[in-house]
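Subject: Structure handover

Hello,

Here is the structure for you to look over. My notes follow it.

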Amino acid sequence: MAETAAKGLDPVAILKEAGLAAFVALMLAVPLAGLETVSAPGGLTINTRWDWVAIAVGSVFVGRLLLILWREQGRRRSGPRLDLDIGENLRTAMPVLAAAGIAFAVVLPFLPFADRRVLDIGILVMTYIMLGWGLNIVVGLAGLLDLGYVAFYAVGAYSYALLAIHFDLSFWVCLPLAGALAALFGYLLGFPVLRLRGDYLAIVTLGFGEIIRIILINWYDLTRGPDGISGIPRPTFFGLDFARSPPPDGHTFHTFFGLDFSPLHRIIFLYYLILVLALITNAFTLRIRRLPVGRAWEALREDEIACRSLGINPRNTKLTAFTLGAMFAGFAGSFFATRQGFISPESFTFIESAIIVAIVVLGGMGSQIGVVVATLVLIAGPELIRELQEFRMLAFGGLMVMIMIWRPRGLLAFRDPTVRLHPAPRRRLGFGRRKPAGSGAP
Amino acid sequence: MNPRSEPLGSPPLLQVEHLTMRFGGLVAIGDVSFEAANHKITAIIGPNGAGKTTVFNCLTGFYKPSEGRLTLNHPRKGPFLLERMEGFTIPQKADVARTFQNVRLFPAMSVLENLIIAQHNVLMRASGYTLWGLLGLKRFRQAEAEAVDLCRYWLDRVGLLPRADDDAGNLAYGDQRRLEIARAMCIRPVLLCLDEPAAGLNPRESAELNQLLLSIRDEHEIGILLIEHDMSVVMGISDYIVVLDYGRKIAEGVPAAIRNDPTVIKAYLGEAEEDELPEEVAADLARDRAAQAQV
Amino acid sequence: MEYFLQQLINGLTLGAIYGLIAIGYTMVYGIIGMINFAHGEIYMIGAFIALIAFLVLGILGITWLPLALLLVLLAAMVFTAFYGWTLERIAYRPLRGSPRLAALISAIGMSIFLQNYVQLLQGARVKPLQPVIPGGVVLMEGAISVRFNYIQMMIIATTVVLMAIFSLIIAKTAMGRAQRACQQDQTMSALVGINVDRTISMTFVIGATLAAVAGMMVTLYYGVIDFFIGFLAGIKAFTAAVVGGIGSLPGAMLGGLLIGLIEVFWSAYFTIEYKDVAAFSILILVLMFRPTGLLGKPEIEKV
């Protein structure tokens with residue numbers, strides 16, 4: 001194969017190209033990989049790692065070579081490319097996939113391999129899925145790039161922590177309050193800035209996110225600053241604690257149901273809690289997408305000027321998206337607080353916002369299942385491979401770049417109309433290559 | 001304020017008085033006045049850069065005019081001073097719809113959705129500003145069914161009914177143009193502003209468009225304001241023509257008068273030789289007649 | 001009064017650094033209309049390369065200060081330029097013509113990648129460097145004496161010289177003309193024979209070299225750097241670019257000075273804890289009330 005591919009190309013040109021890449025790699029690697037600053041008694045000193053440089057240059061050379069050959073081969077091979085069909089086929093398989101996914105999520109705690117670690121990862125993944133679904137309203141549907149989403153998550157978490165500690169309110173009372181407070185913040189922050197477009201909006205929301213974090217750090221009396229808030233009440237199962245020993249005249253979860261005590265009960269409960277919260281978010285989004293306001297969000301994303309010419313109030317419409325998105329972040333935040341039992345500003349850095357935005361965009365803007373897939377790729381993947389821990393964020397950043405280059409519209413970028421005039425064409429279920437009739441371009 | 005059919009002597013649908021629009025030092029429109037009437041097609045023509053689209057942008061609230069008064073005498077809701085209204089409220093309250101020179105659809109949404117979005121304000125009210133809609137109340141479902149009926153009507157009119165569920169971005173150019181007009185009609189306007197609707201259409205599509213516009217004019221309570229370069233369209237269907245050049249009105253009148261107006265001819269042909277003109281005009285005339293004969 | 005003067009000097013120094021970074025933002029925004037989200041990391045990398053160059057020179061025994069400074073400057077500029085070039089090539093060029101969000105996400109990804117890349121290669125700990133250029137001139141003796149340190153002079157002087165050279169490049173050379181042409185209209189530029197790809201690459205390279213200078217100055221000025229300095233400096237420099245009017249070079253410099261002064265005076269007279277809030281608030285206020293900045297041209301909405 002490689003032989004035939006190389007035939008059409010000038011080997012000298014290929015080598016030159018790969019050599020150039022290797023030279024650039026050399027220049028990149030020499031200062032930062034080749035020379036390491038290490039602490040020594042008299043200050044810093046330099047440690048050389050020329051082997052690293054050699055490896056880097058060598059692998060870039062070979063990698064570039066292979067890339068050129070592979071591309072050339074791809075160009076020569078005619079016929080449909082696989083990735084074009086992924087979306088189309090998934091669209092048909094969607095209901096089945098969604099049902100299977102939900103079913104799996106429901107039975108997960110009872111599967112044999114579901115130990116503490118798996119459940120923890122499950123909770124983490126569901127939290128990000130919920131955040132992704134919440135932000136999908138803002139970024140995916142309304143097209144507003146919000147890089148400060150974590151601020152609302154923080155507002156929810158701190159609202160829950162403070163309300164629960166100072167007013168002794170239960171989780172179920174605090175949850176809506178935290179959501180409402182986050183929504184209020186979303187409204188207040190969104191009001192002045194939502195007329196900005198694109199990148200400007202992104203940077204302003206980023207600024208807001210950072211301002212909130214700085215305030216959390218410095219308003220010691222309220223938030224206990226960088227020390228964080230600890231001893232946040234854990235949730236109860238309709239008033240039943242998950243403690244080992246019941247109070248003198250009452251029950252805990254396990255005594256009430258006559259079970260043996262297990263620390264897993266609480267984890268499983270938390271898992272189902274976040275699962276339900278996430279599914280509510282999903283159901284809400286799916287429903288509101290079919291309402292006038294949801295359609296207006298998408299229309300605004302497509303063309304704001306056209307929207308204005310149709311009498312849609314852009315600011316109010318954007319505000320509803322921003323506010324609702326913030327509300328779900330608030331819910332997720334209060335879950336986070338009750339799960340951790342401890343929160344501090346460190347959990348709410350810009351990188352969290354970036355991760356959530358990445359989940360939405362990589363998944364395919366506006367695609368609910370895309371959020372799930374992207375979360376599994378970005379969060380569960382690195383989390384499961386413990387050895388990667390050190391490289392987790394490096395891989396994360398690299399994945400963001402590569403997925404965007406590979407599929408600029410996201411992994412699963414497709415949408416179904418929210419209303420139809422004709423019944424949906426029945427397509428063959430499965431992963432065939434054939435395009436449905438009448439779909440236009442080959 | 002009272003609903004009324006237009007008695008004689010009632011004010012015209014749209015009155016533009018002394019409209020002036022300046023960008024910095026540049027005068028894009030200088031002191032332009034004209035009127036547009038119900039059940040009439042009024043064309044605004046002029047060479048490139050004459051300020052035609054700027055007039056539309058002032059009328060539909062995208063620009064705030066520097067000076068002048070824009071009165072829309074809504075047949076049912078009474079007069080609106082458009083220059084005082086915030087952009088999106090002009091289509092919302094005064095029922096003025098427009099299309100754009102470079103078609104502005106919602107390309108990733110279906111044809112039907114494009115038209116439903118045009119009925120946003122009606123549906124918003126019906127959905128109790130989302131609340132009833134979330135609960136799935138019958139009232140909203142009914143309103144949506146009615147909205148879909150209106151969409152179906154207009155899709156049928158522009159011949160896009162079979163394409164209703166396709167993405168608007170996948171339509172052919174001429175179809176997109178017609179879809180945009182259908183979408184504008186879905187806000188149930190009393191004034192429809194069309195910015196070069198025939199641009200990029202082939203002669204057959206152009207003729208179909210003429211017919212569509214004429215039937216809209218005759219069958220609906222509406223006045224049409226039209227910017228167009230294609231003289232066969234302008235001369236073929238407009239009832240009245242306003243000519244702009246360098247932001248000023250240089251002529252207005254019925255098509256026959258405009259066609260032979262020396263100022264207009266000069267504006268279009270610049271410093272061309274006088275004796276060249278009649279042939280040009282004659283050719284135009286012949287084409288227009290042919291077009292009308294088809295109609 | 002003395003206190004005020006001292007803060008003024010400090011503010012101008014900081015502002016010069018922000019201005020140098022801001023030029024990178026403003027130029028890239030001017031030509032491809034995107035916030036180069038990873039530009040702050042380029043600056044951070046410049047700082048690291050400068051630090052490493054210093055240490056290498058120390059080991060090699062080149063201690064004559066002017067020569068050492070010049071070599072470090074060159075090393076930082078050249079090596080960082082490669083990072084700028086590669087950044088554009090990997091994270092931006094394949095995405096030209098894609099949805100804007102895609103390019104922004106890819107830039108954020110690049111920013112995360114570079115941060116962790118430096119952290120992994122150079123360690124997460126703060127890197128200290130002994131003062132290289134100690135001393136200064138005491139302008140005013142008193143209870144609080146006003147010092148104008150040599151390093152501050154050097155930073156301001158270097159910035160002024162670089163700005164001058166750089167404005168000349170943009171105004172007089174063919175490359176500068178190509179750059180300005182691409183800012184106006186890329187398709188048209190390509191039609192008249194300008195190599196748009198190369199021009200965009202050069203814009204990133206120039207931005208990176210200036211950021212490298214800023215990085216070196218910061219290393220010398222503060223004497224400590226870590227892998228995380230790019231984020232905040234990046235946002236502040238971006239704020240500077242916006243305040244000055246994005247796309248405008250003198251604007252970037254002016255904005256940089258303003259942000260530097262505001263930050264220093266805010267810390268000096270109000271609360272140091274909230275100094276970053278000052279920068280962010282200014283960013284938000286400017287974008288809300290004068291999105292074209294101080295020296296930017298007003299934009300008329302195209303309908």
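Predicted model: local features only at pLDDT ≥ 70, side-chain atom pairs only at ≥ 80, totals over all residues.

**Helix α2 of chain C**

α2(C) is largely enclosed by the rest of the structure, because 17 of its 22 residues are buried. G61(C) follows the helix, and the phi of G61(C) is positive, near 90°.

A47(C) lies in this helix. Is A47(C) buried or exposed? A residue is buried if 20 or more other C-beta atoms lie within 10 Å of its own. A47(C) has 31 C-beta neighbours inside 10 Å, so A47(C) counts as buried. Beyond its neighbours within four places in sequence, A47(C) is in contact with G215(C), M216(C), V218(C), T219(C), I225(C) and I229(C). D226(C) is 179 residues away from A47(C) in sequence, yet the two sit 8.9 Å apart in space, C-alpha to C-alpha.

**Where chain C meets chain A**

This contact draws 52 residues from chain C and 45 residues from chain A. On the chain C side, the elements that each supply at least two residues are α2 (39–60), α3 (65–92), α4 (100–122), β1 (127–128) and α11 (275–289). Which of them gives the most? That is α4(C), with 17 residues. By class, the chain C side has 41 nonpolar, 7 polar and 4 charged residues.

**The hairpin in chain C**

Strands β2 (residues 136–140) and β3 (residues 146–149) of chain C pair in the antiparallel sense, over 4 bridges. V137(C) stands opposite F148(C) in β3(C). The two strands, β2(C) and β3(C), form a hairpin with 5 residues between them.

**Nonpolar core**

The largest nonpolar core has 317 residues. Y153(A), M400(A) and L191(B) have the most contacts inside it. Helix α1 (residues 2–32) of chain C gives the most to this core, with 16 residues.

Take Y153(A). Leaving out its neighbours within four places in sequence, Y153(A) is in contact with L131(A), A329(A), A332(A), G333(A), F336(A) and F348(A).

**Domains of chain A**

Chain A is divided into domain 1 (2–76) and domain 2 (93–236 + 266–406). The centres of these two domains of chain A, taken over C-alpha atoms, are 39 Å apart.

**Chain B overall**

Chain B has 12 helices and 10 strands. Of its 295 residues, 45% count as buried. Among contacts in chain B with a separation of 6 or more, 67% join residues 24 or more positions apart.

**Backbone angles in chain B**

Most residues other than glycine have a negative phi.

- D31(B) is not a glycine, yet its phi is positive, about 50°. D31(B) lies in strand β2 (residues 26–36) of chain B. With 14 C-beta neighbours inside 10 Å, D31(B) counts as partly exposed.
- R188(B) has a positive phi near 55°. R188(B) is in the loop between α7 (173–185) and β7 of chain B. R188(B) is partly exposed, with 15 other C-beta atoms within 10 Å.
- Y246(B) takes a positive phi near 45° in the hairpin of β9(B) and β10(B), which has 2 residues between the strands.

V243(B) stands opposite A251(B) in β10(B).

Best regards

Notes
Residues numbered from 1 in each chain as written. Chains lettered and ligands numbered in written order. Contact = placed C-beta atoms within 7 Å. Nonpolar A, V, L, I, M, F, W, Y, C, P; charged D, E, K, R; others polar. Buried ≥ 20, exposed ≤ 12 C-beta atoms within 10 Å, placed from the backbone. Domains from an automatic or database assignment. Core = buried A, V, L, I, M, F, W, Y, C linked by C-beta atoms within 7 Å. Pairing = 2+ DSSP bridges.
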